[in-house]
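Trainee: I have a new model open. Can you show me how to read its features, one at a time?

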Amino acid sequence: MGLARGALEIKQFFRQREQVVFTFAFPVVFLFLFASIFHDAVQGTGITASQLYVPAMMASGIMSTSFQSLGVSIAVERDEKALRRLRGTPMPPAAYFLGKIWLVLVTGVLETAVLLLVGTTVYGVDLPTDAVRWFHFAWIFVLGLTGCALLGIAISSVPRSAKSATSVVVLPFLVLQFVSGVYISVSTIPDWMLDVGALFPLKWLCQGLRGVFLPDSARVLEQAGSWEFGRIALVLAAWCAGGLVLCLLTFRWKDRRTG
């Protein structure tokens with residue numbers, strides 16, 4: 001039933017053409033803008049500023065298709081009483097969440113593939129040539145996508161209505177992009193902002209993907225001077241566990257007006 005629900009979620013997503021275009025085009029457009037504005041070589045790293053933006057936008061795209069997408073869509077479904085009707089059917093609750101997971105996984109993989117294609121063909125980012133880096137990419141992608149998705153499900157209970165869902169979800173996501181090294185190089189962000197960003201998964205997603213797709217010479221740009229794959233794994237795993245607890249504590253099938 002979870003697979004069937006996932007197929008339905010994916011069909012509904014791709015039938016909304018405007019949403020599909022916006023979802024996949026948004027990070028690509030921002031990558032083009034920032035990479036066109038900041039394209040000089042980064043001293044002492046052996047890379048250009050445009051190459052630095054590719055993994056950052058990939059991390060942002062992962063969070064966009066999970067955290068932002070689920071946070072808004074579930075809040076809308078709750079406000080439109082769709083969740084309440086689903087709860088009254090024989091479908092087990094787990095099937096609903098499995099459907100969302102399949103949707104997030106498919107859209108996350110497709111968006112990452114699009115950004116990888118643009119990054120390698122236009123901005124000269126090299127694909128990893130050893131299995132170790134691909135292994136790092138796999139667990140960073142899975143843990144990051146899972147943690148952000150669970151956080152999106154949790155924040156979906158915050159908006160009081162469908163009209164306020166976008167504002168409630170997009171604002172913290174936008175702030176996190178600035179303090180996590182998506183739009184601005186980590187080396188130019190104040191330490192206290194980086195410390196705030198380090199409390200959330202996006203900063204570690206960015207750092208991990210930079211470690212996968214950029215040469216080791218670029219490590220000097222990081223706050224700790226290294227990729228810190230071990231710490232990235234611990235933080236993202238902690239967000240998966242913490243996000244699950246938040247979902248269990250906060251998720252509601254009905255809106256606040258109906259109890």
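Trainee: How many salt bridges does the count come to?

Mentor: Side chains of opposite charge can pair when their charged atoms come close. This is a predicted model. Here the count comes to 6 salt bridges.

Trainee: Which side chain meets K100 in a salt bridge?

Mentor: That of E9, at 3.3 Å from N to O. K100 lies in helix α5 and E9 in helix α1 (residues 2-15), so this pair ties together parts 91 residues apart in sequence. Both K100 and E9 are buried.

Trainee: What about R210 and E222: how far apart are the closest N and O atoms?

Mentor: They are 2.7 Å apart, in a salt bridge. R210 lies in helix α9 and E222 in the loop between α9 and α10, so the pair ties together parts 12 residues apart in sequence. Both R210 and E222 are buried.

Trainee: And which side chain meets D216 in a salt bridge?

Mentor: R133, at 2.9 Å from N to O. This pair links distant parts of the chain, 83 residues apart: D216 sits in the loop between α9 and α10 (229-250), R133 in helix α6.

Trainee: Is R133 buried or exposed?

Mentor: Compare its relative accessibility with the cut-off. Buried means under 20%. R133 is at 19%, so it counts as buried. D216 is partly exposed, because its relative accessible area is 41%, between the 20% and 50% limits.

Trainee: Now the surface. Which residues make the nonpolar patch?

Mentor: L3, L98, I101, W102, L105 and V109 make it, over about 550 Å². Helix α5 (residues 93-122) gives the most, with 5 residues. V109 is found in α5. With a relative accessible area of 43%, V109 is partly exposed.

Trainee: Which residues in α7 are buried?

Mentor: A165, V169, F173, L176, Q177 and V179. Their cover includes α3 (49-79), α6 (131-155), α8 (191-197) and α9 (201-213). Just after α7, G181 takes a positive phi of about 90°.

Trainee: Last point: what is the mean pLDDT of the protein?

Mentor: It is 87, and 98% of the residues reach 70 or more. Among the elements, α6 has the highest mean (93) and strand β1 (residues 41-42) the lowest (76).

Definitions and conventions: Residues are numbered from 1 along each chain as its sequence is written. This is a predicted model: local features need pLDDT of at least 70, side-chain atom pairs count only at pLDDT 80 or more; totals for chains, interfaces and linings use all residues. Side-chain values use heavy atoms; hydrogens and water are left out. Patches are made of residues with over 30% relative accessible area and no salt bridge: like charges are joined within 9 Å, nonpolar side chains (Val, Leu, Ile, Met, Phe, Trp, Tyr) within 5 Å. Accessible areas come from the Shrake-Rupley method with a 1.4 Å probe; for residues, only the protein chains shown count as cover. A salt bridge is a side-chain nitrogen of Lys or Arg within 4 Å of a carboxyl oxygen of Asp or Glu. Helices (H or I, at least four residues) and strands (E, at least two) are DSSP runs, numbered from the N terminus. Buried means under 20% relative accessible area, exposed over 50%, partly exposed in between (1.4 Å probe, protein chains only). Contact means heavy atoms within 4.5 Å. pLDDT is the predictor's confidence in each residue, from 0 to 100.
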